[in-house]
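The following report concerns the sequence and model shown below.

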Amino acid sequence: MTGEEMAAGPAGTKVLRFLYFVGAGFICTAAINKWRELESKSLQKKQQESDLLTDDNSATAVTGGQKSYFPNVLIS
């Protein structure tokens, strides 16, 4: 055995360290994917709210101040 093999310890600890490394990679990957999912949901929610505000404003402009809950029907 060389000095390098003695410092690293027996093969069992090498395998255990490798498994810890793989597990940490798995956890980090899962966390990154969850973060991306939350960010995309947040952006979709903001976009929907923005679309609703735009639809409400356009309905108010078309109906002359009256809000229409049916955007394709004009109130005369």
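## Nonpolar surface patch

V15, F18, L19, F21 and V22 form a nonpolar patch on the surface of this predicted model, and together they have about 530 Å² of accessible area. Patches are made of residues with over 30% relative accessible area and no salt bridge; like charges are joined within 9 Å, and nonpolar side chains (Val, Leu, Ile, Met, Phe, Trp, Tyr) within 5 Å. Accessible areas come from the Shrake-Rupley method with a 1.4 Å probe, and for residues only the protein chains shown count as cover.

L19 is exposed, with a relative accessible area of 52%; exposed means over 50%, buried under 20%, and partly exposed in between (1.4 Å probe, protein chains only).

Side chains of opposite charge can pair when their charged atoms come close. A salt bridge is counted where a side-chain nitrogen of Lys or Arg is within 4 Å of a carboxyl oxygen of Asp or Glu, and by this rule there are two salt bridges. E37 pairs with K34, the closest N and O atoms being 3.9 Å apart. The side chains of K41 and E37 also meet in a salt bridge, at 3.4 Å from N to O.

E37 is partly exposed at 34% relative accessible area. K34 counts as partly exposed at 45%, as does K41 at 48%.

## Overall composition

The chain has two helices and zero strands, where helices (H or I, at least four residues) and strands (E, at least two) are DSSP runs numbered from the N terminus. Of its 76 residues, 4% count as buried. The chain exposes about 7000 Å², of which carbon and sulfur atoms supply 64%.

## Basis of the values

Residues are numbered from 1 along each chain as its sequence is written, and side-chain values use heavy atoms, with hydrogens and water left out. In this predicted model, local features need pLDDT of at least 70 and side-chain atom pairs count only at pLDDT 80 or more, whereas totals for chains, interfaces and linings use all residues.
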